[in-house]
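Take a look at the model before reading on.

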Amino acid sequence: MQLHTILGAGGAIADQLAPLLIANHQRVRLVGRVPQPLAGAETLAADLSDYEQARRAVEGSSVVYLLVGLTYDIRVWKELWPRIMTNVTRACRECGCALVFFDNVYMYGPAEGPMTEETPFRPTSKKGAVRAAIAGQLLDEMKGGGLKALIARSADFYGPRAKTGVANILVFDNLHKGKKAQWMGNAGLPHSFTYTPDAARALHLLAQRDDAFGQTWHLPTAFPPLTGRQFVAEAAKAMNRPAQLGTLSTAMLRLVGLFNRTVGELAEMNYQFTQPYVFDSSKFTRAFGMEPTPYAEGIRETAAAYGNGGMVSGEEVHGQ
């Protein structure tokens, strides 16, 4: 039985992936600074910014999933992301582990047209520059031939238990509390969201295919995307709330950021909500035949998680 190790236990994707791996009779190791126990999995506490701890975390694994979510602070990202990527790639290379890196789209910057696996890296944000650097580092490792790895890229995500997803925080959390939903930028523009159970299922499928390695993949995401207003209307309907919507401009984010650093960190990413944000995952669908969950269904299932106590309010944004 193969050992599948999840680096970043307790995150939105890890919480969906771990039970799926266990249900498919895989040995699972959950790694985090303080990993929470899960029936059927072993746990290991580790700081991946330390090489020896990173090596111990992956040793004996067949597949390693790098799902770490750092605090949404550019100072933390600049310091820790390069070190973590260096340590994990080195450890996987030396231990003979296959690496699956869960990535975001910050490195693309303001893309012209739908984002695909071929979209060039043109970051316009500090966080985008960090993501471009670590993705480029991994791509170089993959081209070098010493490391079996792939990049699995997601749009902004939402879903049950996705407490750090921007849609969960701005829409579902607020509606659940009886407040007006919020949206960044222009709510009349389309914005793609990846459903977290789809992302987890896709990661599992990718890890099982040798021919998937050495490539970048966009994880299955419903198409066409909803506009902000349409997303909020669907969520309000599912949660039996009024479809009231407030918008957050870049100036407002910067103002609030004077008192809340996490909110302030969102300001440089607001370009993603001031132009169409369209994510194309057709490559994955063609290769694996997996259709993404329609927005109406995913939104209903996410809303249901709030109704049955399966969700708590998020405290910080998605910090891949």
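Q: Is the crossing of H1 and H6 left-handed or right-handed?
A: This is a predicted model. H1 covers residues 12-23 and H6 covers residues 196-207. The two helices cross, and the hand of the crossing of H1 and H6 is right-handed.

Q: Are H1 and H6 roughly parallel or oblique to each other?
A: The axes of H1 and H6 cross at roughly 55° and come within 8 Å. Roughly parallel needs an angle under 35 degrees, and roughly perpendicular runs from 65 to 115. The angle of H1 and H6 therefore makes them oblique.

Q: How many nonpolar residues are in the contact of H1 with H6?
A: H1 brings residues including Ala12, Ile13, Leu17 and Leu20, while H6 brings Pro197, Ala199 and Leu203, among others. Gln16 of H1 and Arg201 of H6 also take part. By class, the contact of H1 with H6 has three polar residues and one charged, and its nonpolar residues number nine.

Q: Are H7 and H11 oblique or roughly perpendicular to each other?
A: H7 spans residues 228-239 and H11 spans residues 295-307. Their axes lie 9 Å apart, at an angle of about 45°. Roughly perpendicular begins at 65 degrees. H7 and H11 are therefore oblique.

Q: How many charged residues are in the contact of H7 with H11?
A: From H7 come Phe231, Glu234, Ala235, Ala238 and Met239. They meet Tyr295, Ala296, Ile299, Arg300, Ala303 and Tyr306 of H11. The contact of H7 with H11 holds nine nonpolar residues and no polar ones, and the charged residues number two.

Q: Is Arg83 exposed or partly exposed?
A: Arg83 sits in H3, which runs over residues 74-95. Its relative accessible area is 34%. Buried would need under 20%, and exposed over 50%. Arg83 is therefore partly exposed.

Conventions
Residues are numbered from 1 along each chain as its sequence is written. This is a predicted model: local features need pLDDT of at least 70, side-chain atom pairs count only at pLDDT 80 or more; totals for chains, interfaces and linings use all residues. Side-chain values use heavy atoms; hydrogens and water are left out. Axes are lines fitted to C-alpha atoms, for helices over the stretch in contact, and angles run from 0 to 180 degrees between N-to-C directions. Helices (H or I, at least four residues) and strands (E, at least two) are DSSP runs, numbered from the N terminus. Angles under 35 degrees count as roughly parallel, over 145 as roughly antiparallel, 65 to 115 as roughly perpendicular and the rest as oblique. Contact means heavy atoms within 4.5 Å. Ala, Val, Leu, Ile, Met, Phe, Trp, Tyr, Cys and Pro count as nonpolar, Asp, Glu, Lys and Arg as charged, and the others, Gly among them, as polar. Buried means under 20% relative accessible area, exposed over 50%, partly exposed in between (1.4 Å probe, protein chains only). A crossing is left-handed if the near helix is turned anticlockwise from the far one by less than a right angle, and right-handed if clockwise.
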